[in-house]
Structures are given as structure tokens and as C-alpha cells.
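Subject: Structure handover

Hello,

Here is the structure for you to take over. My notes follow below it.

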Amino acid sequence: MKGIVRTEDILGGEPRLAGRRIAVRQIAELAIDGGVQPAEVADQLEIELADVHRALTYYYDHPEEMATVRKRHREAMDRVREEALDPPKTATK
């Protein structure tokens, strides 16, 4: 799709807006999961409203790919949480 690219060394190869480090998944999470209106998503991310609609179109046109991307992202976030250091048991004053 025009305006959506995948590059293995940027965002782990997730589909993203061309020329930006904004993933289709990020836009979908805001607009679909978060219930944020597309115009507000565009404002928050400092992108054109057309870019939001382009990303959402890609998201809906590629459901299996996006399900895989979301699963891979969740697994990566779970690994980060598991590997994070525990806060110290005692705090110094």
C-alpha cells in the first residue's frame, strides 16, 4: 500500500508510515483500542489525517499480518517486564 512500508531494521520490520517511525499498530492501538478519534490521533502524532486513515486501512486489509505483529509486540513487552530489575527491597534515606 502506498505510504506504508516495512524495513527490517526499523521497528522490527513492523508496517509503518513511510518516512516515519510510527507503526500501523501504534495508530490502531490509539484509534481502535483506545477509542481516540482519527483527527486527534493525527494531532497527537503530528501526522496528516490521511496518514491515520491510510494506516487503519492497512490494518483492516491485513488482519492476519496485524494479528501476528500485535502478538509479537505483546510477547516482546512481556519479555521486557520479566527481565526488568526488581526495585530495591530497602530504600536509603
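Helix α2 passes α3 in a right-handed crossing (a crossing is right-handed if the near helix is turned clockwise from the far one by less than a right angle, and left-handed if anticlockwise). This is a predicted model, in which local features need pLDDT of at least 70 and side-chain atom pairs count only at pLDDT 80 or more, while totals for chains, interfaces and linings use all residues. Residues are numbered from 1 along each chain as its sequence is written, and side-chain values use heavy atoms, with hydrogens and water left out. Helices (H or I, at least four residues) and strands (E, at least two) are DSSP runs, numbered from the N terminus.

Helix α2 with helix α3

The two helices pack at an angle of about 115°, and their axes are 8 Å apart. Here axes are lines fitted to C-alpha atoms, for helices over the stretch in contact, and angles run from 0 to 180 degrees between N-to-C directions. α2 and α3 are therefore roughly perpendicular to each other; angles under 35 degrees count as roughly parallel, over 145 as roughly antiparallel, 65 to 115 as roughly perpendicular and the rest as oblique. From α2, Pro 38, Ala 39, Val 41 and Ala 42 make the contact, and from α3 Leu 49, Val 52 and His 53 (contact means heavy atoms within 4.5 Å). By class, the residues of this contact are six nonpolar, one polar and no charged. In this scheme Ala, Val, Leu, Ile, Met, Phe, Trp, Tyr, Cys and Pro count as nonpolar, Asp, Glu, Lys and Arg as charged, and the others, Gly among them, as polar.

Leu 49 belongs to helix α3. Leaving aside neighbours within four places in sequence, Leu 49 is in contact with Pro 38, Ala 39 and Ala 42. Leu 49 is partly exposed, at a relative accessible area of 38% (buried means under 20%, exposed over 50%, partly exposed in between, with a 1.4 Å probe and protein chains only). Between Leu 49 and Glu 65 there are 16 residues in sequence and 23 Å in space, C-alpha to C-alpha.

Helix α1 with its partners

Helix α1 (residues 24–33) packs against helix α2 (residues 38–45) at an angle of about 135°, the axes being 9 Å apart. That makes α1 oblique to α2. The crossing of α1 and α2 is right-handed. Ile 27, Leu 30 and Ala 31 of α1 meet Val 41, Gln 44 and Leu 45 of α2. Five of the residues in this contact are nonpolar, one is polar and none is charged.

With α3, the axis of α1 comes within 9 Å, and the two cross at roughly 95°. That makes α1 roughly perpendicular to α3. On the α1 side are Val 24, Ile 27, Ala 28, Ala 31 and Ile 32, which meet Val 52, Ala 55, Leu 56, Tyr 58, Tyr 59 and Tyr 60 in α3. The contact of α1 with α3 has eleven nonpolar residues, no polar and no charged.

Single residues

Glu 14 sits in the loop between β1 (4–5) and β2 (16–17). Glu 14 is buried, with a relative accessible area of 8%. Its side chain makes a polar contact with the side chain of Arg 25 at 3.0 Å. A polar contact is a pair of N or O atoms within 3.5 Å; within protein, one must be able to donate a hydrogen and the other to accept it, and residues adjacent in sequence count only if both atoms are side-chain atoms. Not counting residues up to four places away in sequence, Glu 14 touches several residues, including Val 5, Val 69 and His 73.

Asp 51, in helix α3, is also buried, with a relative accessible area of 18%. The side chain of Asp 51 makes a polar contact with that of Arg 54 at 2.6 Å.

His 62 is found in the loop between α3 and α4 (63–83) and is partly exposed, at 29% relative accessible area. The His 62 side chain reaches the backbone oxygen of Tyr 58 at 2.9 Å.

Leu 11, in the loop between β1 and β2, has a phi near 55°, a positive value in a residue other than glycine. Glu 46 lies in the loop between α2 and α3 (49–61); its phi is near 55°, again positive in a residue other than glycine. Glu 46 is exposed, with a relative accessible area of 68%.

Regards
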